[in-house]
Each structure stands twice: as C-alpha cells, then as structure tokens.
Amino acid sequence: MVPANLTLRGSNYLTFAQQVTSPNQLIFPITAQVNSQDHLTIGGCDVIELVQNFGSPLYILDEETLRLASRQYRDSLLRFYPGKSQVIYASKAWSSLAICAIIASEGIGFDVVSGGELYTTLMALETIGLKDKAYSLIYFHGNNKSLDELSYAIENHCTIIVDNWWELEALESLAQEPVKIMLRLTPGIECHTHEYIRTGSLDSKFGFDPNQFEQLFSYVSQHKKLNCVGLHAHIGSQIFEKEPHQDLTSVLAKSLQSAKEHGLEIDTLNIGGGLGIRYTESDDPPSIVEWVEAVSKAMVDACTLAGIALPKLMIEPGRSLIATACVTAYTVGSSKEIPGIRNYIAVDGGMSDNPRPITYQSLYRVVLANGMSENAQFKVTIAGKHCESGDILIKDATLPETSSGDILVVPATGAYNSSMSSNYNRLPRPAAVLVNQGEANLIVKRETYLDLVKQDVLPERLSNHQS
Ligand SMILES: *Cc1c(COP(=O)(O)O)cnc(C)c1O
C-alpha cells in the first residue's frame, strides 16, 4: 500500500494522499496542500494564518474529510448490505455541537456513553431541527450508566444498549412504559490491538458473557418493560484485520437465533466500531468501503448459515470517521541538545491536548507547516510542555531545521484527542476551527484562565478581608 518513493518530506505525504481516497488510509485530511509560500493548507486555509488568527495550539478540522468518511460508510453499507442498515457515530471520539450537526446532516446517528454526550447530541439535533428524530438516532451505551442518565435517555426515547444485570433491573424500576433496548454481548473474540482498547475478549468489563446468553434472553423475554430490539457487540479499536468483525457476525447471528428461540422478537444486529486508521506509514488498515463490504457479506453469509432473515445491520465507527479529518498545529518554543543522545524541541501543548502517546504509546507524524518542502534531515524528539518526562508527542521524528516560532502540524488528531484532553498543569484547552473551501469557523473556543477557575470555590473563611 505504501509507495516506495514515500519519504519523510512533508510534500510527499500529500502526493500520497491524493492516490488514496479512503480517509482512514490517509495521514492528512484530503484537502491538504502546499501553497506558494510553502505553507501547509487545509480546507483551503493557510495553517500559519489560522494559527495567527485563532492561536496555538489549534485543532483544525477539515469538513470535507469528515463528510467524505461519513458518506463512504453510509453509501457502502447501502450498496453492499441488502437488508436495512444504519451507521451511528461513536461520539466519544469527539463530541461537540458542530461535529454532531455535520454528522447528523449526513444521515448518521449517534452512540453516546454519558449524560454529557447525550446532552450535546440532543442540543445539536435541536439546532438543526432533528430533535424529534432522537428516538431513531441515539443509542446509549456504557457499563455503568447512572439512574439519572438512564432516566434522561428514557425521557428522550433513546435506545439503551444494556450492559449488565444491574442495568436491566434499574430500567425495569425506572420505566413507566416499555423501553427500547439492545443487549451488549461479550463475544469472546480476540483482536490485535492495544490491551486498553480491546473490549471483545472474555476478560472485559463490558457486556454479558456467552455462558449467560440463554438465561439473559429468557429473562428479557419475560419482562414486558424491556422491549429488546437487537444485540450488540464491540470488540475493540484501531483494528486492521477484517476477520474479527467477520467472525463477530456469525457469533451475533447465532445469538440472534438463540434469542428468537427464547421468545425475543429481535431484528437488529450491531457489530460496533473499531476500524483502524493510518497514523504513520506503517499502519495499513483496509479502506472504509472494503471493510463495509467484508462485514456486509459476512453478515449475509452468517444469517444464511444460521437460517435467519437478514437483520438490520448497524455499525458504529468513531476513530475511522473523524480521526483523519483533524490536525493539531503547535508552535515551537525551546529546544535542547544532548550531544550524542537526543535533540528535543518543545511545543506549546502535549499530553493535555493529545494524551494518546502517553496512554497508548501511539505514534504520530509531524511536519513543519511553514516550510513544507524543506529537507527533513534532522532527527528530533517533539516534547510537550507538561511536567512529566513521559510527555513526549513524537520520539525520533524527522524534520527540517526548526527554530522557535515555527509551526509544527501533527496529523490524524480528530479522534480521542480533544475528547480525552485535560487541563493538566492548568493549561487552557485549545480552540478548534472548522475549515472548508477557504473559510474558517471557530467551533470550540479556546479556554481562558478565567475558565480554569470558574468551578473553583473559595470558602469565605479562607479569604483575608483585612488586606
Ligand atoms: C469506542 C466505541 C466505538 C467506536 O470505536 P472506534 O474504534 O473509535 O471506531 C463503538 N462502539 C462502542 C460501544 C465503543 O465503545
């Protein structure tokens, strides 16, 4: 997949980008180009000007890439799956009003895992006049939903993906009338990804175990307030193989058959998300279209084998829908040379805006956005500004010569960056801008120092009134 001529020089990423069209196989957004000033542009906007106008660090979200990935998911599911289908966005990847509005406008629903994500999604749907569709668009996940969260989801007619016995009982006591639910199963499927983002193996905090399925199905069929419409499983994230999801379709088809035998009228199977993306050249995920084709065919085969009618097929991508649409721009500050050991350059963000390297040892690329065609001949380590030695964004990156004030861009930061960001060291969180055809709109304001103390309360007796 990776062309032999791909070197570490920024401009070559872009040649590479234009040869492939599945966003999850690119490293930069589809609109990335280099202008006459040798600056990186995204969505027709000069990244250096964006930083001048909106500050640094800055999340830059390319609308075209996000819409392309959304359409590829939606259209290929319609093309390859002969039954009903639905794509929902795992909004934990990045939830904000603008993002939810874009995604909803592409005909995609939402997976939410907390009251806060539900609130954000409902507000976005209301803004674009789709709130009355919430019942068909929002699915509420989570292994420990609070009673308040469950009530909030019931009030808004969301489908609740039930994770455990406690939750079944809680729903029965809360519900006035039948609640639409799906059951999250732990299918016992292993996939090759980081331990922290592996969720389908038996030793997982999520879902019902296979040895409980029969008991579960008969319990649910006997409780009238539990209107079970489907089964769900999610096996992990950043997965490059197609087999785990293909295997999952047969586990789910068999479980559906068994659920029917226990009296449940179920017509939906949700195979979760998890398709991987290319953060660096060594990542080689299937394209969105290839993946959807593979799982659609596997589902048809699995249902034929199990002798059941085709269910509605649901998929819920997060990372592969949004990660590649966003890049993060940073400004270079200090640098440090340790002769014979390592050269560090430090940027104005780090683990607070991108906790993935320190959490999952994730790898990233980086380019000099104000000198895209300069020769990348120096090995440097890009450090964040936090008080942790582990706050390293990229170890041994290759860059042109850089100096203080230069703008570095780290691509593929749309998923699990802003959403996992923190105020560690009391850094205000970065702003986010949406770019499209030369226009840039602020979608998340930069936090201020005032925002940082907004929730703090100083008890009267601690303040000194004399001075
Ligand atoms: C996180 C998650 C997803 C999305 O996973 P990605 O790897 O981001 O596609 C989908 N479903 C559930 C239940 C999840 O927890």
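Student: How many aromatic pairs does the count come to in this structure?

Tutor: The count comes to 6 aromatic pairs, where rings of Phe, Tyr and Trp (its six-membered ring) pair if their centres lie within 6.5 Å, and planes under 30 degrees apart count as stacked, over 60 as edge-to-face and the rest as tilted. The model is predicted, so that local features need pLDDT of at least 70 and side-chain atom pairs pLDDT 80 or more, while totals for chains, interfaces and linings use all residues. Residues are numbered from 1 along each chain as its sequence is written, and side-chain values use heavy atoms, with hydrogens and water left out.

Student: Why is the pair of Trp165 and Phe208 called edge-to-face?

Tutor: The ring centres of Trp165 and Phe208 are 5.6 Å apart and the planes stand at 85°, so the pair is edge-to-face. Trp165 lies in helix H8 (residues 165-174) and Phe208 in the loop between strand E9 (179-184) and helix H9 (213-221), so the pair ties together parts that are 43 residues apart in sequence. Ring pairs also link Trp165, Phe208 and Tyr219 into a cluster.

Student: What makes Phe208 count as buried?

Tutor: Phe208 has a relative accessible area of 1%, and buried means under 20%, exposed over 50% and partly exposed in between, with a 1.4 Å probe and protein chains only; Phe208 is therefore buried.

Student: Why is the pair of Tyr279 and Tyr364 called edge-to-face?

Tutor: The centres of the Tyr279 and Tyr364 rings are 5.3 Å apart with planes at 75°, so this pair is edge-to-face. The pair links distant parts of the chain, 85 residues apart, with Tyr279 in the loop between strand E11 (268-270) and helix H11 (288-306). Tyr279 is buried, at a relative accessible area of 3%, and Tyr364 is buried, with a value of 3%.

Student: How do you know that the buried residues of H2 line one face of the helix?

Tutor: In helix H2 (residues 47-54), the buried residues are Val47, Ile48, Leu50 and Val51. Seen down the axis of H2, these residues fall within an arc of 160°, so they line one face, the arc being that of the directions from the helix axis to the C-beta atoms. The face turned away from the buried side carries the exposed residues Gln52 and Asn53. Helices (H or I, at least four residues) and strands (E, at least two) are DSSP runs, numbered from the N terminus.

Student: Why is Leu97 called partly exposed?

Tutor: Leu97, which is found in helix H4 (residues 97-105), has a relative accessible area of 40% and is therefore partly exposed.
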